[in-house]
Amino acid sequence: MIQIQLSNITLVLGAKRIFEDLNWEIQRGQRIGLIGANGAGKSSLFKLIEGEHIPELGGSITRARLITTGYLPQHPELDLTLTALDAAMAGNPRVAEVHAELEQVETSLGDPAVYGDEKRLQRALERQHQLIEEYHVLGGDSYPERVRELLLGLGLARGELTKPLSVLSGGQKKLIGLARLLLVQPDILLLDEPDNHLDLPGKIYLEKLIREYEGTVVIISHDRYLLDAIVTHIAELEDGKLMLFEGDYTSYIADKEMRLARQEELFQIQQRSLARMEAAIKRYRLWTQFNDKFATRIHAMEARMARVDKIDKPILSRRRMEMQLNGWRGSNKVLELDGISKAFGSKQVFSNVNEIIWHGERVGLIGANGAGKSVLLRMILGKETPDTGEIKIGPSVSVGYYAQEHETLDFNQTVLDAVRYAGEMSESRATAFLLRYLFTYKQVSQKIGELSGGERSRLQLALVVLSGANFLLLDEPTNNLDIASAEVLEQALEDFEGTVLVISHDRYFLDRTVQRLLVIEKGQLAEYQGGYSDYLEKQQ
């Protein structure tokens with residue numbers, strides 16, 4: 001059954017044409033991964049479905065009767081005065097409505113005008129029965145506990161449930177927005193990067209929720225592991241067109257390569273055929289000077305060429321971010337943690353931790369949100385002091401840092417000035433350098449605060465390259481990158497001469513990048529050889 005149908009959709013925002021003649025059918029029960037480069041229009045497509053944007057030039061959006069949608073934007077709008085738990089519970093107002101009406105009905109049963117009138121009493125008892133059944137379906141008296149378990153499963157800490165939203169991070173607010181949708185259970189969930197800022201247990205919990213969801217799910221995500229785990233289809237938005245592939249992300253990659261190869265083959269065959277026809281027309285034009293009957297053949301052949309359904313030349317290689325990390329050999333022992341302990345009040349984060357990272361290693365650091373990953377990076381950077389123990393960095397080691405929240409960037413500085421000062425280069429050289437990171441001539445003069453999350457990520461990677469460091473500390477570097485840019489980063493790290501310590505919840509990225517994992521468990525660093533899949537196998 002088709003639940004939503006988009007027909008010949010064209011959308012223009014400002015001076016930019018986002019889609020042109022886009023067609024898409026969303027069918028009941030599908031779990032679709034919507035992918036595409038940053039700026040391709042994925043979020044705009046969701047807003048179009050939700051009615052926030054209006055299609056142009058006669059395009060239409062048709063919904064099946066009584067179909068409901070639930071939309072999670074990248075930045076949900078919530079009442080910041082509410083606590084996390086109250087905001088999530090308010091996500092399904094029907095619970096409170098049913099409870100209030102049930103109390104009214106039960107109160108009315110004690111009214112002589114009701115219990116003394118057999119018909120009114122019968123209606124009240126029937127309504128009470130209906131409300132009790134609906135209240136039970138919605139969770140009943142266990143609803144608050146159900147909400148609490150959902151928030152905890154998604155990764156919110158127990159102590160954060162009673163905090164006002166105003167003190168929570170953007171990622172935590174997104175978790176609450178997601179919980180509100182899951183409690184309402186609309187027919188179609190439209191989720192815009194719900195996995196951003198989730199830790200690994202949270203991502204696993206999200207996968208389970210989506211796999212078990214009874215409705216239809218369309219999810220925008222750059223997490224290739226998540227897409228492989230949950231989707232039945234991939235919808236790729238590219239050049240304003242949408243192409244649907246059946247299967248998970250890995251199947252889509254293989255299918256797309258085959259389609260492009262076949263399209264290239266058919267394109268070349270058609271081009272040779274058209275070239276032969278054009279050559280024949282040229283000959284006939286020469287021959288018409290001697291015999292008029294060839295004019296008829298020219299007209300026939302031109303009409304035949306006009307009827308040919310032209311095959312587009314496939315784009316086999318698209319422009320990607322260019323990134324090359326220029327590391328150097330440096331010290332053999334890059335980092336040593338010698339008896340490190342750290343506590344915040346009564347909370348012990350690390351206790352007598354010992355670890356060595358050697359030159360050339362690619363090490364992943366994982367653990368639940370709040371386990372201390374960022375604390376460890378801050379201690380290595382000297383921004384936090386261990387309570388006991390010593391952190392030793394090799395004498396020939398230069399540290400480069402990628403901050404998850406981009407706090408190392410000056411949001412009032414222009415993109416161009418950030419690169420000029422970091423690389424000590426001229427304006428023209430800085431502009432040329434930024435073009436390699438997919439910035440436009442217009443964007444280089446913008447303030448950093450005006451950039452999107454993906455653009456800030458690419459800029460921060462560019463600054464890491466300019467630092468010339470041979471020991472990289474990367475805190476969630478793929479969070480805002482599209483898949484193509486994440487793949488460029490993976491290749492750059494593979495070719496890097498130096499050493500890498502990376503915090504990441506991107507399991508596909510960890511599998512491609514790291515040689516061993518350090519897992520924060522009960523104040524210690526447990527070591528596992530291999531990538532995330534190897535670690536997961538050992539946990540089962």
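Contact here means heavy atoms within 4.5 Å. The structure is a predicted model, in which local features need pLDDT of at least 70, side-chain atom pairs count only at pLDDT 80 or more, and totals for chains, interfaces and linings use all residues. Residues are numbered from 1 along each chain as its sequence is written, and side-chain values use heavy atoms, with hydrogens and water left out.

Begin by selecting Leu 459. Leaving aside neighbours within four places in sequence, Leu 459 is in contact with Leu 409, Val 415, Val 419, Leu 434, Phe 439, Ile 448 and Leu 451.

Next, select Met 323, Leu 325 and Leu 472 as well. Together with Leu 459, these residues touch the most other members of the largest nonpolar core, which has 44 residues. Such a core is a set of buried Ala, Val, Leu, Ile, Met, Phe, Trp, Tyr and Cys residues joined through side-chain atoms within 4.5 Å; buried means under 20% relative accessible area (1.4 Å probe, protein chains only). A second, separate core of 40 residues includes Leu 151, Ile 176, Leu 227 and Tyr 249.

Now turn to the open sheet, whose six strands follow the order E14-E15-E16-E12-E17-E18 with mixed pairing. Strands are DSSP runs of E with at least two residues, and helices are runs of H or I with at least four, numbered from the N terminus; two strands pair if DSSP finds at least two bridges between them. At the edges, E14 (399–402) and E18 (524–529) each pair on one side only.

Select residues 362–366 and 516–521: these strands, E12 and E17, pair in the parallel sense over four bridges. Within E17, Val 519 stands opposite Ile 366.

Definitions and conventions: Buried < 20%, exposed > 50% of the residue type's maximum accessible area, 1.4 Å probe, protein only.
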